[in-house]
Amino acid sequence: MQIQLATTQDFDDFWPIFQQIAQSGQTYGYPTNITKQQAQKKWLETPVRTYVAKVDGEVLASYYIKTNQEGPGAHVCNCGYMVAASARGQALATVLCEHSQQVALELGYKAMQFNLVASSNESAVKLWQKLGFNIVGRIPAGFELPEKSYVDALVMYRWLDLESKPGS
C-alpha cells in the first residue's frame, strides 16, 4: 500500500467512495446529497493536507488533516478518514490513523480531536480507543441517522506530543 498526498485526479478516483459514505448518512456529518464539487472543497481543498491510500494504483482510502480551531486551539488538529467498502477489515483505517498522527506531529500539532463520531459507529469508536483516543465529550442525540433516529455524538481526543504533555 502507498500513502501519498492526494491530487485532483486522486479525488476523482476517491469520489465514489466519498459519495457512498456520505449518501449512507451513517458516519459523517455531510449532507447525503453533497455534490462532487462541494466534497472536493471540503476534503481536498480546505484541509492542510489530504492523503490517499492506493493498492496497485487503485485509491481505496483517504484522510484529511486540518486545524481544528484557530488561535489558542491551533495546536489541535482534526482528521477525517474514509475507506472503500471493499477494503474494510484490512486495517487501512488503522494505518491511516497512525500515518496521520505522524504527519500531525511533523506539522507541529500537539493533539488530535474527532469532533463528531456517531456512537452507533461502534467499530470506529473501538478503533480510535485502541489507538489512544479518549471520549472526552458526549452530545446526547447529536447525530441524526437517516431513519430519523438519533444517537449520541462523541468527541474523541488524543494528546500526540508526549514530550510536551500537560501535567507531565
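Start with the lining of the largest pocket, which by class has 19 nonpolar, 13 polar and three charged residues. Here Ala, Val, Leu, Ile, Met, Phe, Trp, Tyr, Cys and Pro count as nonpolar, Asp, Glu, Lys and Arg as charged, and the others, Gly among them, as polar. The model is predicted: local features need pLDDT of at least 70 and side-chain atom pairs count only at pLDDT 80 or more, while totals for chains, interfaces and linings use all residues. Residues are numbered from 1 along each chain as its sequence is written, and side-chain values use heavy atoms, with hydrogens and water left out.

**Largest pocket.** Select Thr27, Tyr28, Tyr81, Asn121 and Trp128; of the 35 lining residues, these lie nearest the centre of the largest pocket. The space in this pocket is about 930 Å³. A pocket is an open set of points, on a 1 Å grid over the protein atoms alone, where a 1.4 Å probe fits, with protein on both sides within 12 Å along at least five of seven lines; lining residues have an atom within 4 Å of a point. Grid points are joined across faces, edges and corners, and the volume is the space filled by probe spheres set on the points. Next colour α1, β3 (58-67), β4 (76-83), α3, β5 (111-118) and α4 (122-130), the elements that each give two or more residues to this lining. Strand β4 supplies the largest share, six residues. Helices (H or I, at least four residues) and strands (E, at least two) are DSSP runs, numbered from the N terminus.

**Threonine 27.** Zoom in on Thr27, in the loop between α1 and α2 (36-45). Its relative accessible area is 24%, so it is partly exposed; buried means under 20%, exposed over 50%, and partly exposed in between (1.4 Å probe, protein chains only). Not counting residues up to four places away in sequence, Thr27 touches Ile21, Asn121 and Phe143, where contact means heavy atoms within 4.5 Å.

**Second largest pocket.** Select Gly25, Tyr28, Tyr30, Thr32 and Glu144, which of 13 lining residues lie nearest the centre of the second largest pocket. This pocket has a volume of about 150 Å³. Strand β6 (residues 134-144) gives the most to its lining, three residues.

**Core.** Now show Phe18, Phe114 and Trp128, which touch the most other members of the largest nonpolar core, a set of 49 residues. Helix α1 (residues 8-24) provides the largest share of this core, seven residues. A nonpolar core is a set of buried Ala, Val, Leu, Ile, Met, Phe, Trp, Tyr and Cys residues joined through side-chain atoms within 4.5 Å. Leaving out residues up to four places away in sequence, Phe18 touches Tyr30, Ile34, Ala39, Trp43 and Met82.

**Helix α3.** Select residues 92-106, the 15 residues of α3. Its buried residues include Leu92, Leu96, Ser100 and Gln101. Just after α3, glycine 108 has a positive phi of about 95°.

Most residues other than glycine have a negative phi. Finish at lysine 148, in the loop between β6 and β7 (150-159), where phi is near 70°. Lysine 148 counts as exposed, at 60% relative accessibility.

Notes:
The expected span of a helix is 1.5 Å times one less than its number of residues.
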